[in-house]
Amino acid sequence: MLSIVRSQEPDAGQAPVKIEGSGIVKYYEGKKRSTLALDNISFDVRDNEFVSFVGPSGCGKSTLLRIIAGLEEMSSGTLKIGGKDIEGPGADRGMVFQSYTLFPWLTVRQNIEFGLTLQGIPLFEKRRISERFMELVKLNKFANSYPKELSGGMKQRVAIARALANNPKVLLMDEPFGALDPQTKHSMQELLLDIWEKEKTTVVFITHDIEEAIFLSQRVYIMQAHPGRIKQTVAIPCSLRSQAHAKDSDAFLKLKKQVVSLIGDHADE
Ligand code: ADP
């Protein structure tokens with residue numbers, strides 16, 4: 001059965017909480033006025049959970065993800081990862097952005113090994129790790145290619161491999177498939193689910209694409225804009241994506257309709 005739960009409702013008997021945000025407020029100070037981007041955001045993400053934040057443009061998704069990444073400071077509130085306050089960026093969080101952020105002068109292998117090189121990991125170990133992740137994202141044959149020789153989907157596969165190679169506790173994804181054509185986007189979503197199941201990574205994913213959020217996630221936080229708030233949490237049954245052509249199933253379409261109407265109801269508030 002589909003279930004819609006209130007945002008702070010505890011889920012008994014699940015994995016421990018990995019990320020916990022409470023009362024997060026974010027103002028952007030301008031010359032003439034300040035913008036309230038996030039208003040009293042509270043959420044949690046459990047160990048190995050795949051959680052999405054979905055909402056219209058301007059609801060604060062990127063701001064929230066950047067705060068979790070430690071790239072942006074919150075105005076007030078608390079945010080903990082593994083029970084510790086987040087203070088700036090850290091190797092415990094890997095980030096994948098919508099725009100392709102590969103180093104153009106490095107090959108696929110060198111891009112994936114970049115963080116490992118910075119950490120001083122010995123060559124043999126670096127090679128072992130990059131081989132494993134190139135295999136995971138199915139890019140072994142392109143180890144020596146440069147980003148300009150790759151399609152958009154392939155570049156994002158390298159970006160995912162690069163983030164995972166550093167063994168982060170949490171993968172933060174900012175609309176990573178937003179610039180891809182629908183078919184490539186769908187195969188990337190399937191690949192990401194496959195990786196998530198194999199690697200047991202905790203994923204925080206932001207998107208404005210409701211279908212994408214439902215397809216990928218175990219839970220979806222629905223946000224509204226002006227100011228950015230969380231309106232609802234939707235628990236997604238895993239049975240929803242386990243069947244062939246999952247996105248066309250009656251259950252999937254029914255839930256999508258529910259989420260669309262939830263966002264629609266509040267988008268202009
Ligand atoms: P989303 O990712 O959901 O589109 P954002 O997090 O980008 O939303 O933006 C949330 C709100 O904060 C918007 O009103 C946006 O205009 C404002 N905002 C975002 N970044 C800045 C910034 N650097 N300076 C001022 N306002 C900003």
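This note goes through the predicted model point by point, from the whole chain down to single residues.

1. Basis. The model is predicted: local features need pLDDT of at least 70, side-chain atom pairs count only at pLDDT 80 or more, and totals for chains, interfaces and linings use all residues. Residues are numbered from 1 along each chain as its sequence is written, and side-chain values use heavy atoms, with hydrogens and water left out.

2. Overall build. The chain has eight helices and 11 strands. Both are DSSP runs numbered from the N terminus: helices are H or I with at least four residues, strands are E with at least two. The radius of gyration is 19 Å, close to the 18 Å from the globule rule for 269 residues, so the chain is as compact as a globular protein of that length. That radius is taken over C-alpha atoms, and the rule is 2.2 Å times the number of residues to the power 0.38. Along the principal axes, the C-alpha atoms fill a box of roughly 50 × 50 × 40 Å.

3. Burial and contacts. Of the 269 residues, 51% are buried. Buried means under 20% relative accessible area, exposed over 50%, and partly exposed in between (1.4 Å probe, protein chains only). Take the contacts between residues at least 6 apart in sequence: 72% join residues at least 24 apart. A contact means heavy atoms within 4.5 Å.

4. Helix 2. This helix covers residues 108–118, and its buried residues are V108, R109, N111, I112, E113, G115 and L116. The buried residues of helix 2 pack against helix 3 (123–136) and helix 4. After helix 2 comes G120, with a positive phi near 75°.

5. Helix 4. Residues 152–165 form this 14-residue helix. From first C-alpha to last it reaches 20 Å, close to the 20 Å expected at 1.5 Å a residue. The expected span is 1.5 Å times one less than the number of residues. Of its 14 residues, 13 are buried, so helix 4 is largely enclosed by the rest of the structure.

6. S145. This residue sits in the loop between helix 3 and helix 4. S145 is buried, at 13% relative accessible area. Leaving out residues up to four places away in sequence, S145 touches T107, V108 and L150. V108 is also among the buried residues of helix 2.

7. Backbone points to check. Most residues other than glycine have a negative phi, and most peptide bonds are trans. N167 counts as exposed, at 65% relative accessibility. E175 also has a positive phi, near 45°. E175 lies in the loop between strand 8 and helix 5, and is buried at 12%. The peptide bond from H226 to P227 is cis, with omega near -5°. P227 lies in the loop between strand 10 (219–224) and strand 11.

8. Two partly exposed residues. K231 lies in strand 11 (residues 229–235) and has 32% relative accessibility. Its C-alpha is 8.5 Å from that of I263, 32 residues apart along the chain. S187 is in helix 5 (residues 182–199), with a relative accessible area of 42%. The C-alpha atoms of S187 and Q224 are 37 residues apart along the chain and separated by 29 Å.
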